[in-house]
Amino acid sequence: MIGLASPGTALAQDALPRPAGIAPGDVTEGARLVADRQKSLCVLCHSGPFPNPHLQGNLAPDLSGIGARLSESEIRLRVTDMKRLNPDSLMPTYAASKAGERVATAWRGRPMLAEQEIEHIVAYLASLKP
C-alpha cells in the first residue's frame, strides 16, 4: 500500500516518487485500467482519448495531453491522493482511505488500487502528449 508519509518516500509539495520496489508501469495495462468503469472509475468523471467518449464524465478535467503538463511524480500524487492537493476534491483516494473520508464501507482503510495498478495508470497518463 502506498503510504504518503512512509519512511524513504519523500513527498514533494505536489509530487510523489515511485515507491521503492515497484516496477515502472505498463502503458497498455494503464490504458485498460483507466477505461475500466468499475475498477478505477476514472472515466466516470474524466474525459480524454479513451474508448466510448459518450460514456465519459465531465465532472473533472479532461486528461488529454496530461503527460505534457505534469511529470510522472505529479500524476502519481494526483492518482494516489488528490485530496493532498485539494481537500475538497471529489476524486477518491486510491491508496488506503483515511479516517473520516467518505468512502463505501467495503473500501474503508483499504486501497482501491494496488501500487502496481497505480503505476500502470501513471505510465499511461504520462504517455498522453499532444
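**A tour from E74 to the cysteines**

Select S71 and E74 first: the backbone nitrogen of S71 sits 2.7 Å from a polar atom of the E74 side chain. Keep in mind that this is a predicted model.

Stay on E74. The residue belongs to helix α4, which covers residues 72-81. E74 is buried, yet it has no salt bridge. R78 is the nearest side chain of opposite charge, and it lies 5.4 Å away.

Next, show D14, A15 and R69. E74 is in contact with these residues, once neighbours within four places in sequence are set aside.

Move on to helix α5, residues 115-127. The helix has 13 residues and runs 19 Å from its first C-alpha to its last, close to the 18 Å expected. Colour α5 by burial: 11 of its 13 residues are buried. Among them are I118, I121, V122, Y124 and L125. Charged residues are on the buried list too, including E115, E117 and E119. What do the buried residues of α5 pack against? Display α1 (27-35), α3 (66-69) and α4 to see these partners.

Last stop: select C42 and C45. How many disulfides are there? The count is zero. The sulfur of C42 is 9.1 Å from that of C45, its closest cysteine sulfur, so the gap is too far for a bond. Compare their surroundings. C42 counts as buried because its relative accessibility is 14%. C45, at 28%, counts as partly exposed.

Conventions:
Residues are numbered from 1 along each chain as its sequence is written. This is a predicted model: local features need pLDDT of at least 70, side-chain atom pairs count only at pLDDT 80 or more; totals for chains, interfaces and linings use all residues. Side-chain values use heavy atoms; hydrogens and water are left out. Helices (H or I, at least four residues) and strands (E, at least two) are DSSP runs, numbered from the N terminus. Buried means under 20% relative accessible area, exposed over 50%, partly exposed in between (1.4 Å probe, protein chains only). A salt bridge is a side-chain nitrogen of Lys or Arg within 4 Å of a carboxyl oxygen of Asp or Glu. A polar contact is a pair of N or O atoms within 3.5 Å; within protein, one must be able to donate a hydrogen and the other to accept it, and residues adjacent in sequence count only if both atoms are side-chain atoms. Contact means heavy atoms within 4.5 Å. The expected span of a helix is 1.5 Å times one less than its number of residues. A disulfide is a pair of cysteine sulfur atoms within 2.5 Å.
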